[in-house]
Amino acid sequence: MTAPKPLEGYQSYKGIPPLAGLCSIEDALKPGLGVEECVRRLKRFHYCFVRLHGILTARITSEPIYELKTAFAHHAYLCAEHAAALRTRVGEMREPPLGLEAVPHPALEAFFDEIQCAPTTEELLVGVYAVTLSQLLIALLNYLADTHALTDAPSKRVLKFALSELGEMNDFAVGALEALAILDGAFKEKSDEWFRYLVSWIDCAEGLDGTRSTQEIASPERERRGDASPVARAPGCEIPRRYSAKPFVYDPVPQRDERFTDRWNQGVNAEAFLYSEQYPAKAKALMMLYKRIREIDVPEMMASILAQTPPRAVGSSADRPANDSVKPWGYYRDMSRQLWDEARHAMMGEVGFVALGVDWTKARITWNWSYRLNTECTPAERHAVLFFIEQGLMPKTGKRYEYEVAGESGIPLMKTIQDFDWADEVLHSQIGRQWLVPELGGLQQALKYGDECWSKILSNWTTVREQGLTNHENWWPAIYSQACASSGEEPDPLVLAFDETYEAKRADIHRGIVGE
């Protein structure tokens, strides 16, 4: 049967770009992919984003390097959002039931399991960024080139957004890999071998998108260095598992890099200073910056909730408890948003210290809160404690008060920081109301349970001192003096003399109420 001949010379009205600007008429005449193939690839992309989300989230707590810890929080949240968008798109394409819980290919599962179980930060970075991210970018670009720009415009929109943020993630990855000399330094030989090993799993899975079985893969990082030689493929799919031969075990113990010293220190009661009427707003702003950067413990704790409450969908079943509850993906997206916000708050504190000419590493940024909640409470108890804290931030004595103090401080950046910190916490209080309150039978029951769970974490001020873990040094005078020197002001003797500690106080370090 002879194919019809397209109409020659077809023009839109007065040359207005045709087809709403999606593509040319010529491109629209090409058939593109069918719905079945589009859905098959989109499900693979969804699987990749879900696994990346779980891998990054599970490493936030135990990753010592602050910049990586915060980046993992950001990138995990982005992956959660893109997984949610893909779930929605697949549901629009004749796909109920969605079938998104199925593993697309056993080799793809093994590939992500290996990265999840990687024992070192270097191997994790190579697996997540140098291999997965680079290949996912290629797979998305291939989809955009193959699909029909008009008929599949909704999918293209979803993937264009993903490409934009994956590109930003890749920019960070290139800088991090260079800074840590992972591809070029002493780790080069090991990273090259690890890279080849992971690529062999991708090849066995017929690529991340399942469209090829024989294509050789070159790393964009190697191309950037002028070494574009492809990585040799494995001759077959009989590849032994390496790190994932044993199930992944989540490590709930927080780790910090060497800039974080005296991590059990509870020698400066920030809330007592902030809520006292005798201290000036500008000095209180400095203390609020300490409270912000101290919030790095919240991602460390929230990551434990997500890692120990994994979805039944996608991923290795080896690390899931037999009785875990099934939660919709919206739970992981919303909780990941909150986790990322808390990491942002820590970075706001970091930026604020820099703006005031103060070295934040001279403060003693404790891990007492995340350490104890992660090791002494269940995931449900941790979430209840977090919810209880958030609700306590909503009255006028909470985030509104901090915003007003920031305005009175005369430091414009402080007002911006506290303005957005306040907005974020209002959102967080609603996240808890949506996901936790119904499980606990109502708002009052949730607050009561959170209060009871927090009471389990009694003050360990004396214990850690007697164990030689800290002397609870009062670091405040040094920080305050540094801020005064930077601004050319004489220290206020009253402010300089502040020396109230957390001794005999409940570890209520995120609310505006002390010593309850």
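How far apart do the axes of helix 3 and helix 5 come, and at what angle do they cross?

**Ground rules.** I am working on a predicted model, where local features need pLDDT of at least 70, side-chain atom pairs count only at pLDDT 80 or more, and totals for chains, interfaces and linings use all residues. Residues are numbered from 1 along each chain as its sequence is written, and side-chain values use heavy atoms, with hydrogens and water left out.

**Helix 3 and helix 5.** I took helices as DSSP runs (H or I, at least four residues), numbered from the N terminus. The axes of helix 3 (residues 66-91) and helix 5 (residues 121-146) come within 13 Å and cross at roughly 30°. My axes are lines fitted to C-alpha atoms over the stretch in contact, with angles from 0 to 180 degrees between N-to-C directions. That angle makes helix 3 roughly parallel to helix 5; angles under 35 degrees count as roughly parallel, over 145 as roughly antiparallel, 65 to 115 as roughly perpendicular and the rest as oblique. I noted a left-handed crossing for this pair, left-handed being when the near helix is turned anticlockwise from the far one by less than a right angle. On the helix 3 side I found L68, F72 and H75, meeting T121, L124, L125 and Y129 of helix 5; contact here is heavy atoms within 4.5 Å. I sorted the residues of this contact into five nonpolar, two polar and no charged. For the classes, Ala, Val, Leu, Ile, Met, Phe, Trp, Tyr, Cys and Pro are nonpolar, Asp, Glu, Lys and Arg charged, and the others, Gly among them, polar.

**Helix 12 and its partners.** Next I looked at helix 2 (residues 35-60), which packs on helix 12 at about 40° with the axes 12 Å apart. Helix 2 is thus oblique to helix 12, and passes it in a left-handed crossing. V50, H53 and I60 of helix 2 meet W329, Y332, S336 and L339 of helix 12. I count five nonpolar residues there, two polar and no charged.

Then I turned to helix 10 (residues 281-294), which packs with helix 12 (residues 329-355) at about 140°, axes 6 Å apart. These two are therefore oblique to each other, and the crossing is left-handed. Helix 10 brings L286, L289, Y290, R292 and I293, and helix 12 brings H345, A346, M348, G349, E350, G352 and F353. By class I get seven nonpolar, three polar and two charged residues.

**Helix 7.** Is helix 7 mostly covered or mostly open? I found 12 of its 17 residues buried, so mostly covered; buried means under 20% relative accessible area, exposed over 50%, partly exposed in between (1.4 Å probe, protein chains only). Among the buried ones I listed W194, F195, W201 and D203. Helix 7 (residues 188-204) reaches 24 Å from its first C-alpha to its last, close to the 24 Å expected at 1.5 Å a residue.

**E238.** I placed E238 in the loop between helix 8 (220-224) and helix 9 (270-274). E238 is exposed, at 79% relative accessible area. Its C-alpha is separated by 10.0 Å from that of S200, 38 residues apart along the chain.

**Helix 13.** Last, I checked helix 13 (residues 368-376), where N368, W369, S370, R372, L373 and N374 are buried. Their cover includes helix 11 (297-307), helix 14 (379-392) and helix 18 (443-455).

Methods: Expected span 1.5 Å × (residues − 1).
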